[in-house]
Every structure is written in structure tokens, then in C-alpha cells.
Amino acid sequence: GIVKSLRGIPGVTVEITSMMGKGFVDIIVGYKGVNYLIELKDGMKPPSQRKLTPDEEIWHSKWKGQKAVCNSFEDVFKIIMGK
């Protein structure tokens with residue numbers, strides 16, 4: 001999966017935070033001294049099933065720092081590599 005693939009990249013750490021609930025992001029990825037807050041959605045599902053939940057929408061609208069919604073490993077990879 002996405003987390004396993006990320007953990008396979010040298011220098012990357014991943015903390016799973018999905019259990020926090022209340023709209024908080026699913027994972028935090030650390031790379032080169034920077035933390036990336038990532039909400040994971042299943043890119044194999046139709047777009048209508050990848051929407052943020054109401055709690056996620058509220059959290060994302062209030063958070064003033066970096067956050068991203070990603071549908072694949074490639075999406076996360078591009079963010080942490082700055083591409």
C-alpha cells in the first residue's frame with residue numbers, strides 16, 4: 001500500500017494518524033526536516049466516493065498549514081519531493 005511504499009524510501013518516516021478522527025489527516029510524512037499532512041483517498045474509487053467527509057471538510061477549512069489530499073502513492077511522492 002501507500003504507507004509501505006513510502007516507508008521504503010530512504011529518509012522517509014510515516015506516522016499513521018487516521019485513528020485521531022474528527023477530520024484530522026490520515027498520515028504525517030517526514031522527509032528532509034519537513035512534515036507533510038496527508039489525507040488519503042482511494043484513487044481506485046469513483047470521484048464521488050473520494051470526497052472529504054464533513055469532519056474532514058471542516059478540519060481542512062480551518063487548518064492554516066500545509067495539508068494535501070492524495071489518491072495514490074505517486075500523489076504523495078510528488079508532494080514530498082516538491083514536484
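Student: Which residues have the most contacts inside the largest nonpolar core?
Tutor: The model is predicted. In it, the largest nonpolar core has 14 residues. Those with the most contacts inside this core are Leu-6, Val-12, Val-29, Ile-38 and Ile-80.

Student: Which element supplies the largest share of this core?
Tutor: At least two core residues come from each of helix H1 (2-7), strand E1 (12-16), strand E2 (27-31), strand E3 (34-40), strand E4 (68-70) and helix H3 (73-80). The largest share is three residues, and the element that supplies it is E2.

Student: Which residues does Val-12 touch, not counting residues up to four places away in sequence?
Tutor: Val-12 is among the core residues with the most contacts inside the core. A contact here requires heavy atoms within 4.5 Å. By that criterion, and not counting residues up to four places away in sequence, Val-12 touches Leu-6, Val-29, Gly-30, Tyr-31 and Ile-80.

Student: What percentage of the residues of the protein chain count as buried?
Tutor: To count as buried, a residue must have under 20% relative accessible area. The protein chain has an accessible surface of about 5,400 Å², with 57% of it belonging to carbon and sulfur atoms. Of the 83 residues, the buried share is 33%.

Student: How far apart are the centres of the positive and negative side chains?
Tutor: The protein chain carries 13 positive and 9 negative side chains.

Student: Which residues is Ile-2 in contact with, leaving aside its neighbours within four places in sequence?
Tutor: Ile-2 is placed in helix H1. Although Ile-2 and Asp-75 are 73 residues apart along the chain, their C-alpha atoms are separated by 9.9 Å. Leaving aside neighbours within four places in sequence, the contacts of Ile-2 are Leu-40, Ser-72, Phe-73 and Val-76.

Student: Is Lys-22 buried or exposed?
Tutor: Lys-22 sits in the loop between E1 and E2. Its phi is positive, about 55 degrees, although Lys-22 is not a glycine. The relative accessibility of Lys-22 is 74%, and the cut-off for this class is over 50%, so Lys-22 counts as exposed.

Student: What is the relative accessibility of Lys-32?
Tutor: Lys-32 lies in the loop between E2 and E3. Lys-32 is not a glycine, yet has a positive phi of about 50 degrees. Lys-32 counts as exposed because its relative accessibility is 68%.

Student: How far apart in space are Gly-21 and Ile-38, C-alpha to C-alpha?
Tutor: Gly-21 is in the loop between E1 and E2, and at 29% relative accessibility it counts as partly exposed. In sequence, Gly-21 and Ile-38 are 17 residues apart. In space, C-alpha to C-alpha, the distance is 14 Å.

Student: Which residues is Asp-42 in contact with, leaving aside its neighbours within four places in sequence?
Tutor: The loop between E3 and helix H2 (54-62) holds Asp-42. Asp-42 is partly exposed, with a relative accessible area of 38%. The C-alpha atoms of Asp-42 and Tyr-31 are separated by 23 Å. Leaving aside neighbours within four places in sequence, the contacts of Asp-42 are Arg-50 and Asn-71.

Key. Residues numbered from 1 in each chain as written. Predicted model: local features only at pLDDT ≥ 70, side-chain atom pairs only at ≥ 80, totals over all residues. Heavy atoms only, no water. Buried < 20%, exposed > 50% of the residue type's maximum accessible area, 1.4 Å probe, protein only. Areas by Shrake-Rupley, 256 points an atom, 1.4 Å probe, with all protein chains shown as cover. Lys, Arg positive; Asp, Glu negative; His and termini not counted. Charge placed at Lys NZ, Arg CZ, Asp CG, Glu CD. Core = buried A, V, L, I, M, F, W, Y, C linked by side-chain atoms within 4.5 Å. Helix = DSSP H or I, 4+ residues; strand = E, 2+ residues; numbered from the N terminus.
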